[in-house]
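These are my notebook entries on one protein chain.

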Amino acid sequence: MTALLTNRAAGGGPSLGIEYASRDEITALQIERTKNTLRHVYYNVPHYRNAFDDLGVHPDDFHEMADLAKFPMTEKEDLRRNYPFGMFAVPQEQVARVHASSGTTGLPTVVGYTHRDIETWSELVARSLRAGGMHPGDKIQVAFGYGLFTGGLGVHYGVEKLGATAIPTSGGMTERQVQIIRDFKPDGIMCTPSYMLNIVDRMVSEGMDPGETSLRAGIFGAEPWTDGMRDELENTMGITATDIYGLSEVMGPGVAQECVETRDGLTIWEDHFYPEIVDPATGALLPDGEVGELVITSLTKEAFPVIRYRTHDLTRLLPGTARSMRRIDKILARNDDMIILRGVNCFPSQFEEIITEHDDLRARYQCVLDRKGRMDTLTVKVEAVEGLAAAHREDAAAWLKQQIKNRIGISTVVEVLETLDTGDGKATRLVDNRPKD
């Protein structure tokens, strides 16, 4: 059975078989692939050989999935210390493509793919698109950025693998995005949820009704977003809005996808990625259902496998519903985006949950940290619905300030603005203006 599942999942066209396999079948496949991956990195990546040796573990010590906890976790800093190609597990001539992060907080993290990796990636994105309600023959507008960022090209290849038509608009140029929607009549669109709000605003400014376009489905990702923002997008546009998850260091988009039938969290494609949840502070393994940091081991990557990679994304593992594989809950936040204000820990997504409850506020917001004297202050800036009178903006600000105080336990300054620019692509949710001590 393991060989059959391996063939079903290895590419060569979309297949539903593995998505509905039994738990025992999935686990058997994971054990086989984890053994191979541990050996692959130990004998081909000096960093992993040294890290395993330092802990006194060897690939032969792995017999069942519980044994994976014996092996070291991988941090983004490990990738940066081996910049640019030190973490590659195949010779350079076998690397068909490289991608890289933006490197805004340090050296970029560089990842590589063999031809087989790209085929697997394309298959997993196609699987994700199908789960998200898109079909062969659809026209899909890809408004993720192309280039070293994995979003645009990763999605593009998956669209073509699905048998759909890719419209590669990339990010930005919002006026052009609207023109393409109006003229090309796509069935689906993929971008960050915050950028979709920008597109909606441009439609309205041009006299278009966002609910009367050809769009049927939207798959959004690359940033945390709440069910309140989902409701706004679905109600405004008349589409289904589902979440896609991925990160460059693990593969790119298509690591997990929300199924359109249930929209209750992201099914993680466990035949290719093994998820764990750990305590962010101690690294201790947490049981399914408890919130912690998501850690992922790739099971089939050739050029750039990762062992127990710390994503810094906070979520929890849940049983499968629409598919037999487990789900990760919507990403709550990144633990490195945590705001600590006068002893209270909170995340930008907590403010979004409150903001989306008020009819006069939009899910476009920004948290700005400053320091006045010895005191840290937090200003929450939020965009009002179009045309809201100044007096009503003041009322909405007072409401939000009180709700934050009651429910999160901190005092903030709240500004409700006519418009708020949070950037194209990934929205900038947290701005820290405090001096770097």
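**Entry 1: Gln141**

I looked up Gln141 and found it buried, with a relative accessible area of 0%; buried means under 20% relative accessible area, exposed means over 50%, and partly exposed lies in between, with a 1.4 Å probe and protein chains only. I note that this is a predicted model, in which local features need pLDDT of at least 70 and side-chain atom pairs count only at pLDDT 80 or more, whereas totals for chains, interfaces and linings use all residues. Residues are numbered from 1 along each chain as its sequence is written, and side-chain values use heavy atoms, with hydrogens and water left out.

I placed Gln141 in strand E3 (residues 139-142). Helices (H or I, at least four residues) and strands (E, at least two) are DSSP runs, numbered from the N terminus. Its side chain makes a polar contact with the side chain of Gln177 at 2.8 Å. A polar contact is a pair of N or O atoms within 3.5 Å; within protein, one must be able to donate a hydrogen and the other to accept it, and residues adjacent in sequence count only if both atoms are side-chain atoms. Leaving out residues up to four places away in sequence, I listed the residues that Gln141 touches, among them Ile167, Ile180, Pro186 and Met190. Contact means heavy atoms within 4.5 Å.

I found Trp225 in the loop between strand E6 (217-221) and H9. Trp225 counts as buried because its relative accessibility is 3%. The side chain of Trp225 makes a polar contact with that of Asp243 at 2.9 Å. Apart from neighbours within four places in sequence, the contacts of Trp225 include Pro193, Leu233, Lys330 and Glu352.

Ala222 lies in the loop between E6 and H9. Its phi is near 80 degrees, a positive value in a residue other than glycine. Ala222 counts as partly exposed, because its relative accessibility is 34%.

Is Met251 buried or exposed? At 2% relative accessibility, I record Met251 as buried. Met251 is in the loop between strand E7 (240-247) and strand E8 (252-258). Among its contacts, not counting residues up to four places away in sequence, are Tyr113, Trp121 and Phe273.

I found Arg308 in the loop between strand E12 (292-298) and strand E13 (309-315). Phi of Arg308 is near 50 degrees, a positive value in a residue other than glycine. Arg308 is buried, with a relative accessible area of 5%.

**Entry 2: The two domains**

I noted domain 1 (109-335) and domain 2 (341-432) as the divisions of the chain; the bounds come from an automatic or database domain assignment. Their contact takes 22 residues from domain 1 and 16 residues from domain 2. The area buried between domain 1 and domain 2 is about 1400 Å², with 47% given by carbon and sulfur atoms. Buried area is the accessible area (1.4 Å probe) that two parts lose on being put together, summed over both.

How many salt bridges are there between domain 1 and domain 2? I recorded three salt bridges, a salt bridge being a side-chain nitrogen of Lys or Arg within 4 Å of a carboxyl oxygen of Asp or Glu.
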